[in-house]
Amino acid sequence: MRYKDFFSEKTQFANFKTPLTLEFGGTLPEYRVAYRSWGKLNKSGDNAILICHALTGSADADIWWAPLFGEGKTFDETKDFIVCSNVLGSCYGTTGPASINPETGKRFGPDFPSFTIRDMVRVQRSLLNALGVKKLKMVIGGSLGGMQALEWCAMYPDFVETQVTIASSGKHSAWCIGLSEAQRQAICADENWNGGHYTPENPPKNGLSAARMIAMCTYRTRASFETRFARSLRAKETFNVESYLLYQGEKLVERFDANAYVKLTQAMDKHDLSRNRGDYYNVLKSIDIPSLIVAINSDILYPQEEQEELVRFMPNAQFGMLYSQHGHDTFLIEMEALNKLVMAFQKQLPPEGKFLNDRSPIVSTIFGSKLGV
């Protein structure tokens, strides 16, 4: 299976020959980062925007977030240098379980070392250094991408001017961990799994497909499914919703590596801004970077209360809301509203970089319009 067929021909690569020591002690002898860029970096190196993708995303942000690109929009390549890199551990060009281990000449597979969101961010920092970026004007991401954006603030506060976290949390909940484990067990139950030592020709198709179907049920909502499918039939004994989920599962099998899926979901489960940093709420209070925290009113995976908690304790954060019946995936569906929300945040940022000195626990400013309700 050639995962390279599932990212753009415009993808570029940065190769790092020095060993990468990971947070939990593993080491990669060398690593590669796949990335895309738009616009030009200015002489001072401070007009860069970093886009962080979600779980099975790629560096091709201009494809999956197309409505946010263009002159006068969130990602305006006429004035900014925009970068999106494929995360560590994925299978779209950046080193991950599907890559060849230079020390053995074979695929890493399940032997790829454990990594964290912080490791992803360290790799991104290496890429930006190589590209000459001196400061990030903004880092933005949804879901797994939002976790990266938050870690950027905690790890490199002097490098980031503003950040936008969408449909994400400061630490993975038991709810999310449980759903991730159910997906991993579906993969492990596949007859081709073999402890992750499968061949590209015989991957755990049924298991990975089932994992994707579980995930899709959490990315949407009951209302979304009822509106789109109800009890309509595709064939005599097949409901349309069944066909939809089977299709989503089959498409992921075609484009994604099962070991990468397992390792990435484990990295998400480890996500906790307070790990080895002290009290969780004190860590949030220490993040003083101007931030927009976006909630989705119908998100059952990362519910609104988690974003409200971030805003309550982060001293320089604004709260934004996307209204939709589509659940977690809203940030990939209602993109015009998301673009307006982020642009409103950018325009209201005071020159001194502070929103409010005195404010109620949750800033209730809500941008965007009610869509899909």
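**The largest pocket**

In this predicted model, the largest pocket holds about 970 Å³ of space. Its lining is made up of 41 residues, and those nearest the centre of the pocket are T56, G57, R212, R255 and L332.

The elements that give two or more residues to it are α1 (61-64), α4 (174-188), α5 (205-219), α7 (240-255) and α8 (258-269). Of these, α7 gives the most, with six residues. Sorted by class, the lining of the largest pocket has 22 nonpolar residues, 13 polar residues and six charged residues.

**Packing of helices α2 and α3**

Helix α2, which covers residues 117-131, packs with helix α3, which covers residues 144-155. The angle is about 70°, and the two axes lie 9 Å apart. Because angles of 65 to 115 degrees count as roughly perpendicular, α2 is described as roughly perpendicular to α3.

On the side of α2, the contact is made by I117, R118, M120, V121, R122, Q124, R125 and L128. On the side of α3, the contact is made by L144, M147, Q148, E151, W152 and M155. By class, this contact of α2 with α3 has eight nonpolar, two polar and four charged residues.

**Aromatic pairs**

The count of aromatic pairs in the model comes to 19.

F16 belongs to strand β1 (residues 12-16), whereas Y31 belongs to strand β4 (residues 31-38). The pair therefore ties together parts that are 15 residues apart in sequence.

Key: Residues are numbered from 1 along each chain as its sequence is written. This is a predicted model: local features need pLDDT of at least 70, side-chain atom pairs count only at pLDDT 80 or more; totals for chains, interfaces and linings use all residues. Side-chain values use heavy atoms; hydrogens and water are left out. On a 1 Å grid over the protein atoms alone, a cavity is a set of points where a 1.4 Å probe fits but cannot get out, and a pocket is an open set with protein on both sides within 12 Å along at least five of seven lines; lining residues have an atom within 4 Å of a point. Grid points are joined across faces, edges and corners, and a volume is the space filled by probe spheres set on the points. Helices (H or I, at least four residues) and strands (E, at least two) are DSSP runs, numbered from the N terminus. Ala, Val, Leu, Ile, Met, Phe, Trp, Tyr, Cys and Pro count as nonpolar, Asp, Glu, Lys and Arg as charged, and the others, Gly among them, as polar. Axes are lines fitted to C-alpha atoms, for helices over the stretch in contact, and angles run from 0 to 180 degrees between N-to-C directions. Angles under 35 degrees count as roughly parallel, over 145 as roughly antiparallel, 65 to 115 as roughly perpendicular and the rest as oblique. Contact means heavy atoms within 4.5 Å. Rings of Phe, Tyr and Trp (its six-membered ring) pair if their centres lie within 6.5 Å; planes under 30 degrees apart count as stacked, over 60 as edge-to-face and the rest as tilted.
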